[in-house]
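Me: Hi! Could you walk me through this one? I'd like to start with what holds the chains together.

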Amino acid sequence: MKISRAKNGGRQVELAGPESALVRQVLESLHEAYQTAPGELDPMVANLWYGRAGLKEAGIRGEEAIHWIEGLHEVRLGRQAALDRWLKSLPKAGQAGVWIIPEEDVETLVAALNDHRLRRAGEFDLEEGDLEVKAMEKSRGNKRVALVEIHFLAWMIELLLQE
Amino acid sequence: MQGGTTTTPEAVPGQETDLSEAFAKGWRVIVWNDPVNLMSYVVFVFMRVLGFNETKAQRHMLEVHEQGKSVVAIETREKAEFYCHRLQEFGLKSTLEAAAG
């Protein structure tokens with residue numbers, strides 16, 4: 001993967017075949033997860049995306065707390081239009097190619113990729129030690145897949161922010 | 001102007017305190033450490049949401065990383081809620097707390 005600044009100020013993302021397949025899979029699963037109501041998500045994921053920690057202590061209770069969580073869900077629902085655009089502009093499944101991200105989409109893309117990292121970490125209740133590269137090498141099965149995605153997206157976010 | 005009876009609102013005990021609390025910069029926005037968010041991402045979010053320059057954003061990010069939390073804003077209730085919500089929209093663990101005194 002190589003990311004550079006596009007002529008129009010956006011980002012030009014050069015992806016190898018397996019990388020574009022992985023990004024597509026991430027975007028598709030995010031699309032579905034964003035549509036899911038907070039109460040229907042995996043509780044660990046819901047806690048990371050729609051956590052209620054500190055609301056009660058700040059006096060945000062009842063209807064106000066519901067409104068707070070709904071607001072967070074609306075923001076994520078609002079990212080779906082961008083996800084649709086990116087899925088259309090991404091190289092075809094498994095094919096290498098160049099993916100152009102318009103400047104106005106960069107912030108949303110970074111936030112969405114970060115959401116996927118949080119989600120995968122939540123699904124496996126990953127802690128600091130689990131996120132070390134050595135731990136990824138030792139992990140197996142679905143947990144290993146989740147860790148590969150988390151590390152790949154970390155690299156992608158770093159490159160997007162550097163440019 | 002329409003005629004009619006005007007009613008002067010009666011003072012409600014506690015209301016004055018509530019209003020002054022709401023408008024005073026008496027609410028802290030706290031960001032808590034978590035193992036997943038990247039340091040560079042946290043800096044980026046602080047710059048975007050709170051308008052910090054890079055140096056200030058880095059300082060607060062390191063405070064979160066090393067001390068477990070950082071007070072990133074002390075604001076009126078409304079503004080503190082806005083910042084706290086925005087930080088959560090970006091996946092950061094943030095809470096509100098009344099500033100003591």
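Me: How many salt bridges are there across the interface of chain A and chain B?

Reply: The rule, a side-chain nitrogen of Lys or Arg within 4 Å of a carboxyl oxygen of Asp or Glu, finds one across that interface. Its partners are Arg48(B) and Glu107(A), at 2.4 Å from N to O. Bear in mind that this is a predicted model, where local features need pLDDT of at least 70, side-chain atom pairs count only at pLDDT 80 or more, and totals for chains, interfaces and linings use all residues. Residues are numbered from 1 along each chain as its sequence is written, chains are lettered from A in the order in which they are written, and side-chain values use heavy atoms, with hydrogens and water left out.

Me: Switching topic: how do β1 and β2 of chain A pair?

Reply: Strands β1 (residues 2-5) and β2 of chain A are antiparallel, over four bridges; strands here are DSSP runs (E, at least two residues), and a pair needs at least two bridges. Ile3(A) has Val13(A) as its bridge partner in β2(A).

Me: What's in the turn?

Reply: Five residues lie between the two strands of this hairpin, and Gly9(A) in the turn has a positive phi of about 100 degrees.
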